Amino acid sequence: MLMTIISAVIGGLIIGALARLVMPGNQNMSILMTIIIGIIGSALGSWLVSTLFNYDNANGGINWIGVAAGVAVAAVLIAIYMSVTGRRGAGTRV
């Protein structure tokens, strides 16, 4: 149980960091939010790959298709997060 939580946090950090690298511009986000978005993106991306394409990675190893889907979903989540919080009040400075 503890190793599952630790691996989810480490995987979320990696997926979130890769998603931030894919996104253009500067994202003003904390490491904690990067991890949370990475964990959610990784879970949703893996679920989408296994549900839509019936891909189960039976040979073991790293599921590269799931990683790519997780990065893509996390990038979309970062874009949504930045549009909701990061751009609020931009350009209205007097």
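Which residue lies in the loop between α1 and α2? Q27 lies in that loop, and the views below place this residue among the helices of a predicted model.

**Figure 1. Overview of the predicted model.** The protein has 3 helices and 0 strands, in the order α-α-α from the N terminus. Helices (H or I, at least four residues) and strands (E, at least two) are DSSP runs, numbered from the N terminus. Of the 94 residues, 27% count as buried; buried means under 20% relative accessible area, exposed over 50%, and partly exposed in between (1.4 Å probe, protein chains only). Among contacts (heavy atoms within 4.5 Å) between residues at least 6 apart in sequence, 67% join residues at least 24 apart. Residues are numbered from 1 along each chain as its sequence is written, and side-chain values use heavy atoms, with hydrogens and water left out. Local features need pLDDT of at least 70 and side-chain atom pairs count only at pLDDT 80 or more, whereas totals for chains, interfaces and linings use all residues.

Figure 2. The 21 residues of α1 should span 30 Å at 1.5 Å a residue, and its end C-alpha atoms are 30 Å apart, which agrees. The expected span is 1.5 Å times one less than the number of residues. G12, I15, G16, A19 and R20 are the buried residues shown in α1. They cover an arc of only 135° around the axis, which puts them on the same side of α1; the arc is that of the directions from the helix axis to the C-beta atoms. The face turned away from this buried side carries the exposed residues L2, M3 and L21.

**Figure 3. Close-up of helix α2.** Residues 31-52 form α2, which reaches 31 Å from its first C-alpha to its last, close to the 32 Å expected. Its buried residues are T34, I35, I37, G38, G41, G45 and V49. N54, whose phi is positive, near 55°, follows the helix.

**Figure 4. The largest nonpolar core.** This core has 10 residues: I15, A19, M23, M29, I37, V71, A74, A75, I78 and M82. A nonpolar core is a set of buried Ala, Val, Leu, Ile, Met, Phe, Trp, Tyr and Cys residues joined through side-chain atoms within 4.5 Å. Helices α1 (2-22) and α3 (64-86) each supply at least two of its residues, and the largest share, 5 residues, comes from α3. Not counting residues up to four places away in sequence, I15 touches G38, S42, V67, G70, V71 and A74.

Figure 5. Q27 is buried, with a relative accessible area of 8%. Beyond four places in sequence, Q27 touches R20, I78 and M82. V73, found in helix α3, is buried with a relative accessible area of 17%. Beyond four places in sequence, V73 touches G41, L44, G45 and L48. V73 and A19 are 54 residues apart in sequence and 8.3 Å apart in space, C-alpha to C-alpha.

Figure 6. The mean pLDDT (the predictor's confidence in each residue, from 0 to 100) is 82, and 88% of residues reach 70 or more. Where pLDDT is low, the predicted coordinates should not be read in detail.
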